[in-house]
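Please examine the sequence and the structure shown below.

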Amino acid sequence: MKFSEEQMKGIITLKESLIEQVDKHHEAIKILEKDITILDLFLKESSFTKASQLTPTEKVEPQESVETIKEIKNSIPIKQGKDGKIIANAFVTPEQVSIVLDDNIEINVDTPPFKSFFLDRIIGEMKKKDSADVENGKIQRESIIDYIINKNGSDIREIIIKNYRQKERINELINTAGWSLSRMLENINK
């Protein structure tokens, strides 16, 4: 069977499109596999308690409200890299991610690499992508990712990230916030 030149061009275009789609899906699969690995490490670290760390407790009736219990269950601890000390907790809702620093942690908003890495590079790049999506008509302008830094003086108390929109972004935001906060603490202690 002989194909016309136009049919051959169509077949070549189809083939290129299929190759492009396969490449795109391979990249998405790699990202998902990386996320699964990160979650596995997180679960492994946070769910294992040594028997020596367990202490016998008396049976006490719970006095916490259902709201407090839900809040604790929905929090994701953010630990400092080297010693595993909890430096913040992340609370995820469908609208936002709130990263609340531990009361004992005092980090100035100007300590590197907070602005240069976390705000400019991580959230800034997400913002650029969202702006491009607005230009292409994929999302509304009010759906662009944004953040609010709540401070006590010049110390960070809470980072609220609104309109994260994609579940994949949650892990990246929490992991990079943890990395940034850990580096900031190291810079303060130098």
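With which residue does Lys128 form a salt bridge? In this predicted model, the partner of Lys128 is Glu125, and the closest N and O atoms are 3.4 Å apart. Both residues belong to helix H3, where three residues, about one turn of the helix, separate them. Lys128 counts as exposed because its relative accessibility is 55%, a value over the 50% cut-off. Glu125, at 43%, is partly exposed. This pair belongs to a total of ten salt bridges in the structure.

A salt bridge also joins the side chains of Lys127 and Asp146, with an N to O distance of 3.2 Å. Here the pair links distant parts of the chain, since Lys127 lies in helix H3 and Asp146 in strand E4, 19 residues apart. Lys127 is partly exposed at 30% relative accessibility, and Asp146 is partly exposed at 36%.

Asp133 counts as buried, with 8% relative accessibility, whereas Lys129, at 44%, is partly exposed. Through shared partners, salt bridges connect Lys129, Asp130, Asp133, Arg165 and Arg169 in one network.

The largest nonpolar core comprises 30 residues, and Ile99 and Phe114 have the most contacts inside it. Two or more residues of this core come from each of strand E2 (86-92), strand E3 (96-101), helix H3 (114-135), strand E5 (155-162) and helix H4 (167-188). Leaving aside residues up to four places away in sequence, Phe114 touches Val109, Leu119, Ile149, Ile156, Ile159 and Met184.

Strand E5 is mostly covered, with seven of its eight residues buried. E5 runs antiparallel to E3, to which five bridges join it; Val97 has Ile161 in E5 as its bridge partner. E5 also pairs with strand E4 (residues 146-152), again in the antiparallel sense, over seven bridges, and Asn150 stands opposite Glu158 in E5. The hairpin of E4 and E5 has two residues between the strands, and Gly153 takes a positive phi near 70° there.

Phe3, Met8 and Ile11 form a nonpolar patch whose accessible area together is about 260 Å². Of these residues, Ile11 is found in helix H1 (residues 5-47) and is partly exposed, at a relative accessible area of 41%.

Note on methods. Residues numbered from 1 in each chain as written. Predicted model: local features only at pLDDT ≥ 70, side-chain atom pairs only at ≥ 80, totals over all residues. Heavy atoms only, no water. Core = buried A, V, L, I, M, F, W, Y, C linked by side-chain atoms within 4.5 Å. Buried < 20%, exposed > 50% of the residue type's maximum accessible area, 1.4 Å probe, protein only. Helix = DSSP H or I, 4+ residues; strand = E, 2+ residues; numbered from the N terminus. Contact = heavy atoms within 4.5 Å. Pairing = 2+ DSSP bridges. Patch = residues over 30% accessible without salt bridge, like charges linked within 9 Å, V, L, I, M, F, W, Y side chains within 5 Å. Areas by Shrake-Rupley, 256 points an atom, 1.4 Å probe, with all protein chains shown as cover. Salt bridge = Lys/Arg side-chain N within 4 Å of Asp/Glu carboxyl O.
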